[in-house]
Amino acid sequence: AAQEVTTFGYGVFNNKQMFEAQLIDGVYGMYDSTRGKGVVTNDAKNGNKMVTSSSKMFNQDGAAVDAHANAQKVYDYFLKTFERNSVDDNGQQLISAVHVNTDWNNASWNGRQMSYGDGDGVTYHNFAAGLDVAAHEIAHGVTQHTANLVYRNESGALNESMSDIFAAMVDRDDHEWLIGEKIVKDGRRALRSMSNPAEIVDTRTDSGFSPDHWSKRYIGTLDSGGVHINSSINNKAAYLISEGGKHYGVTVKGVGREATEQIYYRALSKYLTASSNFSMMRQAAIQAATDLYGTNSTAVKAVNAAYDAVGVF
Ligand SMILES: Cc1cccc(C(=O)O)c1OC(=O)C1CC1
Ligand SMILES: [Zn+2]
């Protein structure tokens with residue numbers, strides 16, 4: 001069980017949780033056998049061995065505490081919200097590696113596990129500290145085991161957008177639907193904004209803009225054809241479906257997070273395929289909303305209006 005205490009170790013600034021570490025081979029380690037086939041956290045700076053602690057209830061590695069706590073929260077979200085048992089719906093272990101590389105300003109899903117850099121301490125904190133970052137990476141695993149959207153051009157932007165959407169849904173208290181707000185430093189507010197994409201440019205892509213309408217999509221070769229750039233077009237649509245708003249003169253009546261997360265999960269797991277593009281995303285969301293809430297439901301109306309608003313038909 002987790003309890004609120006101050007955690008020693010650096011890099012921890014949003015998870016002050018402790019762990020009932022598992023006793024394995026006489027050592028207390030960050031291995032949670034209660035979720036699926038396990039949640040495990042390893043230290044890339046120590047032979048990628050499981051992060052261990054000398055005592056049952058204490059761990060001094062801040063990044064490890066963050067990664068472990070966030071992986072547990074994301075596991076619980078997918079099980080509770082969609083009855084999905086981990087990324088493969090078969091309890092696959094959620095394995096996190098922390099302290100990957102040196103001053104690494106990245107996080108990733110490599111097809112089998114999550115990896116988190118410590119950040120350079122100037123532009124980024126440790127990436128494991130962001131609940132939305134962990135959810136984003138784990139959602140890449142869910143996408144891989146469902147539509148498996150090809151990671152380039154429009155299907156890749158949808159792959160990215162799915163990860164941002166579920167990241168925003170897990171990070172429930174963030175009403176601005178920002179991505180990475182806890183891990184950016186040097187005055188930036190976040191990596192990306194789903195509510196107002198144009199406000200924050202993801203500097204890692206050097207594109208210079210974050211489009212909030214299909215007519216403004218990036219069509220170059222950077223960033224695998226703009227997967228972290230054009231994702232903001234679908235991110236904005238998802239935000240509008242949930243929260244509503246007026247965008248380029250189109251008014252959307254929002255239906256809330258609970259309906260929106262069900263629509264996108266059903267679209268991802270039942271209708272999207274590896275080569276789906278934005279127009280097929282619109283059809284998949286309409287079909288999912290129709291299945292769930294009915295042909296003339298407010299949800300179907302919200303989906304149509306939101307994709308009208310971002311110029312996807
Ligand atoms: C930081 C970073 C770099 C490169 C790829 C990703 C990636 O996972 O696409 C990445 O992680 C994110 O975007 C998460 C949301 C913060
Ligand atoms: Zn991603």
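**Chat about a predicted chain**

Q: Where does Asn-48 sit?
A: Asn-48 is in the loop between strand 4 (39–43) and strand 5 (49–50). Strands here are DSSP runs of E, at least two residues, and helices are runs of H or I, at least four, numbered from the N terminus.

Q: What's the background on the model and numbering?
A: It's a predicted model: local features need pLDDT of at least 70, side-chain atom pairs count only at pLDDT 80 or more, and totals for chains, interfaces and linings use all residues. Residues are numbered from 1 along each chain as its sequence is written, chains are lettered from A and ligands numbered from 1 in the order written, and side-chain values use heavy atoms, leaving out hydrogens and water.

Q: Back to Asn-48, what's its phi?
A: Positive, about 55°, although Asn-48 is not a glycine. Asn-48 is also partly exposed, at 36% relative accessible area (buried is under 20%, exposed over 50%, partly exposed in between, with a 1.4 Å probe and protein chains only).

Q: And Asp-223, where's that one?
A: In helix 4 (residues 222–226). Asp-223 has a positive phi too, near 55°, and isn't a glycine either.

Q: New topic: is helix 3 mostly covered or mostly open?
A: Mostly covered, with 16 of its 18 residues buried.

Q: How many helices and strands in the chain?
A: 8 helices and 13 strands.

Q: And how much of the chain is buried?
A: 55% of the 313 residues.
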